[in-house]
Amino acid sequence: MAPIPLHLQPLSSSAVLPLSLAFLFLVSLQCHVASSALILSLRHQHNQLHHQRPMIHSNQTNCELFMGTWVRDDTYPLYQSSSCPIIDPEFNCQMYGRPDSNYLKYRWRPLNCELPRFNGVEFLLGMRGKSVMFVGDSLGRNQWQSLICMISAAAPQTQTQLVRGEPLSTFRFLDYGVTISFYRAPYLVEIDVVQGKRILRLEELDGNGAAWRSADVLSFNTGHWWSHQGSLQGWDYIELGGKYYPDMDRLAALERGMKTWANWVDTNIDKSTTKVFFLGISPSHNNPSEWNTGVTTVTTKNCYGETEPITSSGYTGPYPDQMRVVDTVIREMNNHVYLLDITMLSAFRKDAHPSIYDGDLSPEQRAKPDYSADCSHWCLPGLPDTWNQLFYTALFY
């Protein structure tokens with residue numbers, strides 16, 4: 001097997017530790033930094049990709065689902081947080097004191113067409129006797145809970161069952177035999193504990209994958225955990241090629257992990273019986289300079305206090321380098337994976353994050369929004385409902 005060209009950060013000799021009775025020696029390679037011209041080129045390429053998306057016809061004009069505008073619609077939201085007990089406190093903004101509600105009143109309108117309105121009963125009928133599994137990090141859990149709330153609001157009399165576990169949680173609509181699960185795997189590849197150290201194994205996921213094979217629809221996501229630093233970093237060592245590294249170029253690590261996932265899908269999933277989706281990178285809003293131009297009186301350092309979407313017609317949000325990795329790996333796969341390309345449309349929604357209205361925050365944390373506001377996850381009801389409307393469209397139209 002040819003060596004894999006990854007760019008590793010240097011490690012001092014004092015940091016080398018024995019694992020499994022062997023001394024692990026590290027190789028220092030120069031880090032690669034993409035030029036700004038390359039990033040601009042990749043951003044343009046990202047905007048041109050289609051990934052075999054379904055096209056809806058309106059006035060004989062093809063509709064691109066993931067390009068468009070947010071429009072006010074007072075028939076939204078599709079459910080109330082108070083009527084959906086599955087919502088975790090960190091997503092339940094209305095329950096935990098968010099004073100405004102305009103962020104609930106927006107609908108995504110693709111160019112030249114309208115999205116089909118979500119129909120929860122149709123979803124249950126179309127998926128009767130089948131299973132949907134979301135696999136990934138807390139953004140996947142955000143979407144999982146959103147879908148359950150949307151279906152439950154449309155079929156309130158349906159008998160249900162919830163079994164929470166780690167890493168697998170399952171919600172069943174018993175009258176239809178429909179199972180909607182969430183499997184927590186923030187890196188998709190495996191992470192184990194060896195001699196008290198967390199080992200991120202870039203070339204393994206069989207332990208995770210055994211639970212995924214039986215699903216009729218699989219929706220994967222990853223991204224945010226690969227960039228965490230300091231106390232939020234999820235590993236002590238990364239294993240690659242039988243060697244252990246305390247860190248490496250984060251995009252290179254993501255790419256290698258994604259390729260391991262892609263190989264698993266190509267090898268283990270029968271595309272004639274199982275549909276596979278991948279959720280694009282969900283953007284964060286931690287820097288107001290990205291959406292404020294000219295003279296401004298904004299004093300906050302993140303999404304706190306934002307109550308309206310970004311409306312500038314020229315705004316597309318910062319292009320996340322992680323999307324280049326996702327695009328590249330999915331295009332190279334043998335199995336068809338549908339990219340739910342929510343990155344750009346979500347970038348407009350600076351208003352839709354929990355901010356300080358997160359049930360997991362203490363009063364002291366809420367009093368310091370510059371440091372504590374959650375600008376990565378999304379309120380429910382809220383933006384993930386649109387992700388699921390697009391998911392529904394891809395499944396049934």
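This is a predicted model: local features need pLDDT of at least 70, side-chain atom pairs count only at pLDDT 80 or more; totals for chains, interfaces and linings use all residues.
Strands of a sheet pair through backbone hydrogen bonds, either parallel or antiparallel. Strand 8 and strand 9 (residues 168-173) run antiparallel and are joined by 4 bridges. Together they form a hairpin, with 4 residues between the two strands. Within this pairing, threonine 160 stands opposite phenylalanine 173, while glutamine 161 has arginine 172 as its bridge partner.

The largest nonpolar core contains 55 residues, and Phe123, Ile180 and Phe391 have the most contacts inside it. Another core, of 41 residues, lies apart from the largest one; among its members are Ala185, Trp212, Tyr245 and Val276.

Finally, a search of the whole structure finds 4 disulfides. With the bonded cysteines counted along the chain, their pattern is 1-4, 2-5, 3-8, 6-7. One of these links joins cysteine 63 to cysteine 113, with sulfur atoms 2.0 Å apart. Cysteine 63 belongs to strand 4 (residues 61-63), and cysteine 113 sits 50 residues away in the loop between strand 6 (106-110) and helix 2 (120-126). Cysteine 63 has a relative accessible area of 0%, so it is buried; cysteine 113, at 6%, is buried too.

A further disulfide is formed by cysteine 84 and cysteine 149, and its -85 degrees about the S-S bond make it left-handed. Cysteine 84 lies in the loop between strand 5 (68-72) and strand 6, and cysteine 149 in helix 3 (residues 138-154), so the pair ties together parts that are 65 residues apart in sequence. Both cysteines are buried.

Cysteine 93 and cysteine 379 also form a disulfide. The torsion about their S-S bond is about -95 degrees, so this link is left-handed. Here the partners are 286 residues apart: cysteine 93 is in the loop between strand 5 and strand 6, and cysteine 379 in the loop between helix 9 (369-372) and helix 10 (383-396).

How values were computed: Residues are numbered from 1 along each chain as its sequence is written. Side-chain values use heavy atoms; hydrogens and water are left out. Two strands pair if DSSP finds at least two bridges between them. A nonpolar core is a set of buried Ala, Val, Leu, Ile, Met, Phe, Trp, Tyr and Cys residues joined through side-chain atoms within 4.5 Å. Buried means under 20% relative accessible area, exposed over 50%, partly exposed in between (1.4 Å probe, protein chains only). A disulfide is a pair of cysteine sulfur atoms within 2.5 Å.
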